[in-house]
Amino acid sequence: MIYLRNIAFYIVFYGGSIFMVIAAVIAAYIAPSKVHGVCDRWSAMHHWACEKLLRIRIVETGKRPDFQAFYAIKHESFFEAIGLPHLFDKPSLFAKQELFDIPGWGLAAREYGVIPVAREEGARALRTMIREARPYVEEGRPVIIFPEGTRVPHDTRPPLGAGFAALYKLLNLPVVPVAVNSGPTYHHVWKRPGTITLHFGEPIDPGLPRKEIEARTHAGMNALNDHRGVERSLPGDLP
């Protein structure tokens, strides 16, 4: 059943994504205000397909803050990136520059509020990121980053990227580390039934020294690393 569920997931989600991406690109050109709605529905479709087709439960633990924050999220699979519009209210996300070279997608992403990160440009890239993030901060939108810079295997703890502490200082927002354990279930061609947990850590106030903010954020993001989250004997899901 695992294989049949995966095939159904790929057909439903990626088949539906073709139409959603086309709709987002069209909206970006003729009705930019509609881009958020299209992306939110696309993300909600993914959430539904994970739960209903893959039998992956998605749960939250900890306390999600009721104020604007700078979220530092563990990144173990594409689950996190696809899920953001559904899991947060109009999030603004830092993403690598290369994604904006995809025809059509780059325009839709910018209209949504995704901020490109040109990692090879150093301090110049940081200034650009801050300038582009300011309007979203002023709107009160949550700001999100994957501080490790790319997807990482579960149970690994790479250091945070060099730009994270600088963004923390310049954005002047409390940081909320979010631990995610999507790797064992989602980061496979044949995705597995189980549970993906998003654990919201304690908010960290602005203005802390670099070493302290990095250490506390790093610890919060890795709070789930000792818990695999895979259910190995769900009835009806053995091949």
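Modeller: A search of the whole structure turns up 14 aromatic pairs. Keep in mind that this is a predicted model.

Biologist: How are the rings of Y3 and W190 placed, and what kind of pair are they?

Modeller: Their centres are 4.9 Å apart and their planes meet at 85°. Edge-to-face means planes over 60 degrees apart, so the Y3 and W190 pair is edge-to-face.

Biologist: Where do Y3 and W190 lie?

Modeller: Y3 is in helix α1, and W190 is in the loop between α7 (183–186) and β7 (194–200). The pair therefore ties together parts that are 187 residues apart in sequence.

Biologist: What about F9 and Y10, what kind of pair do they make?

Modeller: The ring centres of F9 and Y10 are 5.6 Å apart and the planes are at 70°, so that pair is edge-to-face.

Biologist: Is F9 buried or exposed?

Modeller: F9 is buried, because its relative accessible area is 0% and buried means under 20%. Y10 is partly exposed, at 26%.

Biologist: New topic. Where is S77 found?

Modeller: S77 is in the loop between β2 (70–73) and α3 (78–87).

Biologist: Buried or exposed?

Modeller: S77 is buried, with a relative accessible area of 0%.

Biologist: Which residues is S77 in contact with, leaving aside its neighbours within four places in sequence?

Modeller: Those contacts are R151, S182, Y186 and H187. With S182 there is a polar contact of 2.8 Å between the two side chains.

Biologist: Where does K74 lie?

Modeller: K74 is in the loop between β2 and α3. K74 counts as buried, at 0% relative accessibility.

Biologist: Which side chains make polar contacts with K74?

Modeller: One is the side chain of E148, at 2.6 Å. Another is the side chain of N222, at 2.7 Å.

Biologist: Now pockets. What volume does the largest pocket have?

Modeller: The largest pocket has a volume of about 1,400 Å³.

Biologist: How many residues line the largest pocket, and which lie nearest its centre?

Modeller: The lining has 49 residues. Nearest the centre are L93, F94, A95, K96 and L99.

Biologist: Which elements give two or more residues to that lining?

Modeller: They are α1 (2–30), α2 (35–52), α3, β3 (92–96), α4 (105–112), β4 (114–117), α5 (123–138) and α6 (163–171). The most comes from α1, which gives 7 residues.

Biologist: What is the lining of the largest pocket like by class?

Modeller: The lining has 37 nonpolar, 8 polar and 4 charged residues.

Biologist: Let's look at Q97. Where is Q97 found?

Modeller: Q97 is in the loop between β3 and α4. Q97 is partly exposed, with a relative accessible area of 28%.

Biologist: What is Q97 in contact with, leaving aside its neighbours within four places in sequence?

Modeller: Q97 is in contact with P116, V117 and A118.

Biologist: How many residues apart in sequence are Q97 and R57, and what is the C-alpha to C-alpha separation in space?

Modeller: Q97 and R57 are 40 residues apart in sequence and 32 Å apart in space, C-alpha to C-alpha.

Biologist: Last topic, backbone angles. What is phi of R55?

Modeller: Phi of R55 is near 60°, a positive value in a residue other than glycine. Most residues other than glycine have a negative phi.

Biologist: Where is R55 found?

Modeller: R55 is in the loop between α2 and β1 (56–62). R55 is partly exposed, at 27% relative accessibility.

Biologist: What about phi of K90?

Modeller: K90 is not a glycine, yet its phi is positive, at about 50°. K90 lies in the loop between α3 and β3. K90 counts as partly exposed, at 40% relative accessibility.

Definitions and conventions: Residues numbered from 1 in each chain as written. Predicted model: local features only at pLDDT ≥ 70, side-chain atom pairs only at ≥ 80, totals over all residues. Heavy atoms only, no water. Helix = DSSP H or I, 4+ residues; strand = E, 2+ residues; numbered from the N terminus. Buried < 20%, exposed > 50% of the residue type's maximum accessible area, 1.4 Å probe, protein only. Polar contact = N/O pair within 3.5 Å; in protein donor to acceptor, adjacent residues only side chain to side chain. Contact = heavy atoms within 4.5 Å. 1 Å grid on protein atoms, 1.4 Å probe; cavity = no way out; pocket = protein on both sides within 12 Å on 5 of 7 lines; lining within 4 Å. Points joined across faces, edges and corners; volume = space filled by probe spheres on them. Nonpolar A, V, L, I, M, F, W, Y, C, P; charged D, E, K, R; others polar. Phe/Tyr/Trp six-rings, centres within 6.5 Å; stacked < 30°, edge-to-face > 60°.
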